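User: Could you take a close look at the pocket side of this model, and walk me through it in one connected account?

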Amino acid sequence: MIIALYAGSFDPITNGHIDIVTRASNLFDKVIIGIFATPDKRLTFTTEERVDLARRAVAHLKKVEVRSYEGITVEFAREVGARVMVRGLRMVGDFEWEFEMAMMNKLLAPDLELVCFMASQQYQFLSASLMKEVSSLGGDISSLVPKHVAEALKKKSLGSSR
Ligand code: ADP
């Protein structure tokens with residue numbers, strides 16, 4: 001049984017992430033979305049909110065599980081028995097950082113294999129941060145995130161404008 005870990009901040013989960021996890025679940029026996037609790041960036045959603053939004057987004061994918069974690073990603077991979085780390089690569093910007101991280105992870109956990117999926121064409125330019133900016137300015141993001149995520153974003157921006 002091959003378990004794959006798809007780790008990230010998922011602040012919040014987007015259709016680009018869902019596309020990757022769907023494709024990964026066609027290959028592996030189980031895919032765990034690992035939501036990193038304390039990434040080095042300003043978060044819009046709490047860990048619990050990010051987990052909840054992701055869980056609802058992948059409820060239809062029976063092989064996918066959502067969990068949060070702290071600390072080093074490769075340690076979490078070991079803890080959940082993952083042999084594979086899944087990443088999504090967008091054409092512009094992702095490669096160098098992903099390569100650097102992959103080399104570090106290989107050093108820390110040589111037995112863990114990395115599998116990268118090329119982002120699908122329609123999500124190449126979708127990042128959670130840009131999508132959030134568009135949403136906070138009232139732009140239509142309905143083709144970029146599931147409905148419940150768009151609603152959660154709307155609520156957040158209403159809250160912060162008070
Ligand atoms: P972001 O880079 O949007 O903040 P995360 O840290 O949650 O996202 O990223 C988790 C993984 O998902 C990374 O491998 C990232 O490159 C990938 N990813 C992010 N957005 C997309 C997208 N639109 N299409 C494919 N993969 C993506």
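The lining of the largest pocket divides into 18 nonpolar, eleven polar and nine charged residues, where Asp, Glu, Lys and Arg count as charged, Ala, Val, Leu, Ile, Met, Phe, Trp, Tyr, Cys and Pro as nonpolar, and the others, Gly among them, as polar. The model is predicted, so local features need pLDDT of at least 70 and side-chain atom pairs count only at pLDDT 80 or more, while totals for chains, interfaces and linings use all residues. Residues are numbered from 1 along each chain as its sequence is written, and side-chain values use heavy atoms, without hydrogens or water.

The volume of the largest pocket is about 1100 Å³ (a pocket is an open set of points on a 1 Å grid where a 1.4 Å probe fits, with protein on both sides within 12 Å along at least five of seven lines, and lining residues have an atom within 4 Å of a point). Among its 38 lining residues, those closest to the centre are Gly8, Ser9, Lys41, Arg87 and Trp97. Two or more lining residues come from each of β1, α1, β4, α4 and α5 (128-136), and α4 gives the largest share, seven residues.

The ligand sits in this largest pocket, in that more than half of its atoms lie within 2 Å of the grid points. In the shell around the ligand, two or more residues come from each of β1 (3-8), α1 (15-25), β4 (84-89) and α4 (94-108). This shell holds 18 residues, the closest being Tyr6, Lys41, Gly88, Tyr123 and Leu126, with a heavy atom within 4 Å as the cut-off. By class, eight shell residues are nonpolar, five polar and five charged.

A polar backbone atom of Phe10 is 2.9 Å from a ligand oxygen, and a backbone N or O atom of Ser9 is 3.1 Å from a ligand oxygen. Glu98 instead uses a polar side-chain atom, 3.4 Å from a ligand oxygen. Of the 530 Å² of accessible area that the ligand has on its own, the protein covers 90% (Shrake-Rupley method, 1.4 Å probe).

The second largest pocket has a volume of about 200 Å³. Its lining includes Ser135, Asp140 and Lys154, and helix α6 (residues 147-160) gives the largest share, four residues. This lining has two nonpolar, five polar and three charged residues.

Definitions and conventions: Polar contact = N/O pair within 3.5 Å; in protein donor to acceptor, adjacent residues only side chain to side chain. Points joined across faces, edges and corners; volume = space filled by probe spheres on them.
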